[in-house]
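Please report on the fold, the salt bridges and the nonpolar cores of this model.

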Amino acid sequence: MNINERPLRIALTKGRLENKTVELFEKIGYDCTAVHEKGRKLILPVGDSIEVVLAKAADVITYVENGVCDMGVVGKDTIMEMSGKFFELVDLGFGKCKFALAGKKGNDFYAGYDVKTIATKYPNVARNYFEKKNMDVDIVKIEGSVELAPLLGLADAIVDIVETGTTLRENGLEVYEDIAPISARVIANMVSLKLRKAEIEELINKIEENIK
């Protein structure tokens, strides 16, 4: 099917970002009944001119980058970790949190000359952060509760997403430094932005009017 013969296709990150984006679409005036009644369906119509694809965050970027979806809604955390060839168009302002460097309370992270070990689910974010500081670090990839790493002596600190800081505090950890703010962003495929420019710009204008 020609890219212009199908509805404008938008990949949404499942969960909270999906719910917030659907709220936004309804505020704009789109009928999101199919999404509310989705069952196990993953591709759903929104109004007459849009269809949404529900996916994991990393897959949203993959689908947009490869052009099977024209646009996507994904967290800045995933964008920073994965990067890729796409345009970042709008900061939606919801899903707010931050990347932070954290570790055991009271420790001086920068003391001494030893190479520090950093535990994280986001090795690229951590690597880029310390490269900008001209610091050599060893990075350990953790899939689960990254807070365990400094408590067990596996790492000197962690790079992780912090929302309220409650989990850190309850485990005797604290934020050493903020790295970057995070929120939901709209991204677009580079080819779609040329071939479906008018449709995408119209939707972006509606979005921007409704997030002010």
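How far apart in helix 9 are Lys197 and Glu201, counted in helical turns? They are separated by about one turn, because they lie four residues apart in that helix. Their side chains form a salt bridge, with the closest N and O atoms 2.9 Å apart. A salt bridge here is a side-chain nitrogen of Lys or Arg within 4 Å of a carboxyl oxygen of Asp or Glu.

This is a predicted model, in which local features need pLDDT of at least 70 and side-chain atom pairs count only at pLDDT 80 or more, while totals for chains, interfaces and linings use all residues. Residues are numbered from 1 along each chain as its sequence is written, and side-chain values use heavy atoms, with hydrogens and water left out.

**Salt bridges**

The count comes to 14 salt bridges. Three of them are tabulated below. Helices (H or I, at least four residues) and strands (E, at least two) are DSSP runs, numbered from the N terminus.

| Salt bridge | N to O distance |
|---|---|
| Lys76 and Glu88 | 2.9 Å |
| Arg196 and Glu199 | 2.9 Å |
| Lys197 and Glu201 | 2.9 Å |

The Lys76 and Glu88 pair links distant parts of the chain. Lys76 is in helix 4 (residues 76-82) and Glu88 in strand 5, 12 residues apart.

Burial is read from relative accessible area: buried is under 20%, exposed over 50%, and partly exposed in between (1.4 Å probe, protein chains only). Arg196 is buried, at 3%. Through shared partners, salt bridges join Arg6, Asp70, Arg196 and Glu199 into one network.

Six strands make an open sheet in the order 2-3-1-4-11-5, with mixed pairing. Two strands pair if DSSP finds at least two bridges between them. Strand 2 (43-46) and strand 5 (87-91) are the edges. Each has a single partner strand, so one side of each lacks a neighbour in the sheet. From one strand to the next, the twist averages 30 degrees.

Strand 5 pairs with strand 11 (residues 184-188) in the antiparallel sense, over four bridges. Here Asp91 stands opposite Arg185 of strand 11.

Two helices pack on the sheet. Contact means heavy atoms within 4.5 Å. Angles run from 0 to 180 degrees between N-to-C directions, with axes fitted to C-alpha atoms, for helices over the stretch in contact. Helix 1 (residues 16-28) touches strands 1, 2, 3, 4 and 11, and its direction makes about 135 degrees with that of strand 1 (8-13). Helix 9 (residues 197-211) touches strands 1, 3, 4, 5 and 11, at about 25 degrees to the direction of strand 5.

**Nonpolar cores**

A nonpolar core is a set of buried Ala, Val, Leu, Ile, Met, Phe, Trp, Tyr and Cys residues joined through side-chain atoms within 4.5 Å. The largest has 29 residues, of which Phe25, Val52, Met71, Leu92 and Leu203 touch the most other members. Strands 1, 2, 3, 4 and 11 and helices 1 and 9 each supply at least two residues. Helix 1 gives the largest share, five residues.

Leaving aside neighbours within four places in sequence, Met71 has contacts that include Leu8, Ile10, Val186, Ile187, Ile200 and Leu203. Another core, of 16 residues, lies apart from the largest one, and Phe99, Leu101, Tyr122 and Ala157 are among its members.
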